[in-house]
Amino acid sequence: MINFIIRIIRLFKGLFTAMGVDYHQLECILKIKLTMDNRRGLSTSAKKKDSSNQLLIQSFIYAVIGILIMVLVAYVEHTFTAYTVIFSMIMVMIAMFMISEFSVVLIDTRDNAILLPRPINSRTMTMAKLLHIAIYLLHLSLSLSIASVVFTVMIYGYMAAFFFLIMVFLSTLFTLFLTNLFYLGLMRLVNGEKLKDIMVYFQIGMAIIFMGAYQLLPRLIEMNDLYNSQMQIEWYTYLIPPSWFAGSITALTTSVYSVGNVLFILLALIVPLLSLWIIIKYLSPKFSKRLSQMDAVASKPAKIKKHKSSRFRYSEKLAQFLTQSAVERTSFKMIWKMSGRERKFKQTAFPAFGYVFVIIAVTLVRGFGDEDQLANLLASKRYLLFIYFILFAAFAVCMNIIYSDEPKSSWFFSSMPVSKPGDILSGTIKAVLAKYVWPLYVIIGGLILYFWSYQALPDLLYAFVSIIVITSFVTVMQSKALPFSKERLSQDSGDNFIKGILMMVSAVIIGLTHWGLTYIPYGVIVGIPIMLGFQYLSFRYIKGLKWKQITS
Amino acid sequence: MESNTVISIKNLHKSYKNGGVAKPVLKGVDLEIKSGQIIGYIGPNGAGKSTTVKILCGILSDFEGDIKVLNMDLRTDDIAIKKRIGYIPENAALYDTLTPSEYLQFVGELQGMEEGDIQTKIVKLLDLFEMKPHAEERMNSFSKGMKQKILIISGLIHNPDIIFMDEPLSGLDANAVIIVKRVLQQLAKEGKTIFYSSHIMDVVEKISDRIILIDNGVVLADGSYDELNSDSNNESLENLFTKLTGNSGHNETANEIINVFEN
C-alpha cells in the first residue's frame with residue numbers, strides 16, 4: 001500500500017521540484033510517516049515485519065460506511081438532493097476523522113526535535129505535511145465514495161463518475177481548509193495538553209454522534225419523505241458547501257447550465273483551489289510555527305491546574321464509607337482521581353455512557369409515538385431494559401480501567417508493601433461504580449420512578465445490587481490486571497470483542513433472571529438479600545486474590 | 001567576527017507566550033564561540049539553556065538579536081547551517097515505532113548523505129555503541145539509555161562541524177558515558193565544536209574547555225574552569241554554580257528533609 005502511494009506521488013516529481021521542493025527528502029519523510037502510521041497500536045515487541053495493514057483495514061471500514069450512505073440515498077429521485085446528502089456525509093466524516101483519528105499524527109511534537117534541526121526547506125516541510133494529510137483524507141474520501149462512484153456510473157455513466165471523483169477531491173480540499181482553520185483557532189486558544197484534552201472530548205462526542213445517528217436517524221426520518229423530497233434552491237443554498245458539489249454534478253449530468261448551476265460549478269472549483277492556496281501560503285507555515293512552539297511552551301512552567309483541597313471532598317467521604325482497609329481506600333481515592341484525568345480511559349470508556357442515553361432515547365421515541373404505545377410502555381416492565389442498559393457503561397469503564405497512557409508508571413503497586421493485592425482491585429471496582437455507574441443509575445432510576453412511579457422501587461433496588469454483583473464479578477473474570485497497568489494494543493481488540501460479547505451475554509442472563517423473578521410473587525423482594533449475599537461473596541473472592549493471580 | 005569563531009550571538013532575546021502573557025526567557029545573551037572548543041552550558045532549571053540550543057539549531061525561529069553560525073546568518077542561511085550541525089536533544093525524541101536502522105537511514109537521507117556512506121556508518125556506529133543486536137527491533141521497547149545511544153548516533157552520523165547536546169548522557173550506563181566523553185574530546189581535537197548543555201556538573205567540569213553559566217536568561221559567568229575558580233579555593237564546579245546562582249543553604253534544606261523523615 002505504502003509503495004503504491006509513493007509510486008503515485010513519484011509521478012508528480014517534476015511538479016514538486018519546480019515548486020522548490022526537495023523531492024528526495026519529501027519522499028523520505030512521507031515513507032517514514034506512512035510506515036509509522038501503519039504500525040500505530042501494534043505490539044512493542046513486534047519485529048520489523050508489520051503484522052497488519054492498518055491502512056487497508058481502514059479503507060475497508062470506510063468503504064462499508066460508504067455503502068451504507070449509498071443505501072440511504074440510492075432511492076432518492078432528486079439528483080441534487082441525493083448528491084447533497086452524499087457530499088454532506090463525506091465532508092462531515094472527513095472533518096470528524098481529521099479531528100478524532102488524525103490529531104495524534106498531526107500534532108506530533110517529536111517532529112520539532114527530529115525534523116526541524118535537519119536541512120529541510122520550509123516548502124518541503126509544508127508539502128510533506130500537507131501530502132501526509134492529503135493521502136489520508138483522499139484515501140478516506142475515496143473509500144467512502146466507492147459505492148457512490150458505482151451508483152453514479154450505473155445511473156449517469158462514466159463521465160459523470162469522473163466528474164463526481166473530481167468533486168470528491170475538491171470537497172476534500174475544502175474540508176482540509178476548514179479543519180486547518182479549526183486547529184489553528186484551537187491552538188491560539190489553548191496549549192498542547194489542553195488541546196489533547198479537547199481532542200479526546202471530540203472523539204467521545206464523535207463516537208456518540210455516530211451511534212446516535214445510526215440508531216435515531218432511520219427512526220426520525222420517514223424514508224419515503226426523503227426518497228420523494230426535493231431540496232429547493234434558495235439564496236442560502238449557495239452558502240452550503242456540499243450543495244456546490246452536488247449542484248455541479250447535477251449541472252454536468254443534466255447538461256442544464258442555468259445561472260444557478262454555473263454559480264455552483266464556479267464555487268465548487270474556485271473556493272477549494274483558493275483554500276488550497278491559502279493553506280500552502282498561510283495556514284500550513286503558521287501551523288508548523290505554532291507546533292514548534294507547542295512543546296517549548298509546554299516545557300516551561302505553565303499555570304498549574306489546582307485541584308480542590310481533598311480533606312472534605314465527596315470522594316473522601318465515599319472512600320471512608322465504602323472501603324474497609326487502608327489499601328482499598330487508597331486505591332479507591334487514586335482511581336477516583338486518575339480515571340478523570342487519563343485520556344485513553346476517557347476516550348474508550350465514556351462513549352458507552354452516551355450510547356446508554358441514545359438507546360433509552362430511541363426506546364422512548366418509539367414508545368411516545370402515540371397514546372396506545374405510551375400506555376403499553378408504561379404498563380410493561382420495559383424499564384428493566386433501561387436499568388440494565390447501565391451494564392453497558394459499567395462494563396466499558398471496568399474493562400478499560402486497566403489501560404493507561406503511561407502503563408509503566410504502575411510499577412509502584414508492586415513496590416508497595418501490599419500483601420493483599422485484591423484490595424487494590426476491590427477499591428478500583430468500588431471507585432468506578434461510585435464515580436461512573438451509580439450517578440447513571442440515579443439518573444435512569446429517577447426517570448423510571450417519574451414514569452413508572454414507586455411500583456418500580458423493588459426492581460430498582462434489586463437491580464442496584466445485581467449490577468454491582470455482575471460488574472465486579474465479570475470485571476475480575478475478564479482480567480485480573482491492576483488499574484492503569486496495561487498498554488492498549490490493536491491485537492487486544494479481537495480479544496476484547498469476544499470478552500465484550502461474553503459480558504453482554506452475562507448482562508442478558510442477569511436481566512432475564514430479574515424479569516423472571518417479577519413473575520414470582522415477592523420474587524424480587526426475596527431476591528434482594530440473596531443478591532446481597534452474592535455481592536458479599538464476589539467481593540470476598542476479589543479481596544482474597546494473591547499476587548500470583550494478578551496479571552502483569 | 002574572527003576567522004575561527006563558529007558561533008556569534010549578539011543581544012539574543014526570546015520570550016514565550018503563555019496564556020496571552022509574554023514571559024522573557026533569554027534577556028540579551030552575547031556569546032562568541034570558537035572552533036574546537038567544548039562549551040559547557042550550565043544553569044538551573046528554566047534558566048534558558050534549552051531555548052538557546054533550540055534557537056541555534058533552527059528549531060525556534062522567532063527570536064530577537066543576531067546569530068551567525070559558521071559565518072552564516074541563522075535567519076537566512078538556516079538550511080546550509082543545518083547541514084553542518086548535529087543536535088542531540090534532551091528528551092528521547094525518536095520515531096520509536098521505527099527500528100534503529102530505519103531511523104538512522106531516514107536521518108542520513110535527510111542530511112543528504114550518500115546511500116553507501118549511510119549504511120556503512122549505521123553498521124559501524126551501532127556496533128560500537130553495542131546496539132547491533134537491536135538494529136532491527138522497534139525502538140518503543142528500548143530503555144532510555146538505548147534510545148539515548150540512537151539519538152547520539154543520529155546527531156553525529158553526518159559528521160557535523162558543530163554538535164549541540166542537551167543533557168546527552170542521561171540514561172547512559174557508565175561505559176557508554178566514558179565512551180561518549182572520549183568521543184567528544186577526540187572530536188574537539190579534530191576541530192569540531194561541542195556545545196554541551198547539562199545539569200551534571202562533574203561531567204561539564206571534566207570535559208569543558210569553557211564554561212558558560214546562564215541564569216534567568218542572562219549569562220552570569222563565562223570562562224574556563226580555572227578562570228572561574230581563580231578567586232576561590234579550588235572549589236568544585238557544583239559549589240561555584242551554587243555561589244554564582246545565589247542559591248545557598250543546601251545543607252540546611254537537606255537537614256530539614258532528614259528531620260521530616262525522622263520526626
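Two strands are taken to pair if DSSP finds at least two bridges between them. Helices (H or I, at least four residues) and strands (E, at least two) are DSSP runs, numbered from the N terminus. The model is predicted: local features need pLDDT of at least 70, side-chain atom pairs count only at pLDDT 80 or more, and totals for chains, interfaces and linings use all residues. Residues are numbered from 1 along each chain as its sequence is written, and chains are lettered from A and ligands numbered from 1 in the order in which they are written.

Chain B contains an open sheet of 6 strands with mixed pairing, in the order β6-β7-β8-β3-β9-β10. At its edges lie β6 (85-88) and β10 (218-223) of chain B, each of which pairs on one side only. From one strand to the next, the twist averages 15 degrees. Strands of a sheet pair through backbone hydrogen bonds, either parallel or antiparallel. Strand β3 (residues 38-42) of chain B runs parallel to strand β9 (residues 210-215) of chain B, and 4 bridges join the two. Ile39(B) has Arg210(B) in β9(B) as its bridge partner.

Helix α5 (residues 144-156) of chain B lies across β6 and β7 (162-166) of chain B and runs at about 170 degrees to β6(B). Axes are lines fitted to C-alpha atoms, for helices over the stretch in contact, and angles run from 0 to 180 degrees between N-to-C directions. The 13 residues of α5(B) reach 19 Å from the first C-alpha to the last, close to the 18 Å expected at 1.5 Å a residue; the expected span is 1.5 Å times one less than the number of residues. A residue is buried if 20 or more other C-beta atoms lie within 10 Å of its own, exposed if 12 or fewer, and partly exposed in between, with C-beta atoms placed from the backbone. Because 10 of its 13 residues are buried, α5(B) is largely enclosed by the rest of the structure. Among these buried residues are Met146(B), Ile150(B), Leu151(B) and Leu156(B). The buried residues of α5(B) pack against β6, α3 (100-110), α4 (115-128), β7 and α6 (174-189) of chain B.

Chain A has 24 helices and 0 strands. Of its 552 residues, 36% count as buried. Two residues are in contact if their C-beta atoms, placed from the backbone, lie within 7 Å. Among contacts in chain A between residues at least 6 apart in sequence, 84% join residues at least 24 apart.

Helix α21 (residues 422-452) and helix α24 (residues 523-543) of chain A pack at an angle of about 135 degrees, with their axes 7 Å apart. The two helices α21(A) and α24(A) are therefore oblique to each other, where angles under 35 degrees count as roughly parallel, over 145 as roughly antiparallel, 65 to 115 as roughly perpendicular and the rest as oblique. On the α21(A) side, Gly422(A), Asp423(A), Leu425(A), Ser426(A) and Ile429(A) meet Phe539(A), Ile542(A) and Lys543(A) of α24(A).

Two further residues of chain A were examined. Tyr383(A) is placed in helix α19 (residues 383-400) of chain A and counts as buried, with 23 C-beta neighbours inside 10 Å. Leaving aside neighbours within four places in sequence, Tyr383(A) is in contact with Ile448(A), Trp452(A) and Ala456(A). Trp277(A), in helix α13 (residues 259-299) of chain A, is exposed, with 11 other C-beta atoms within 10 Å.
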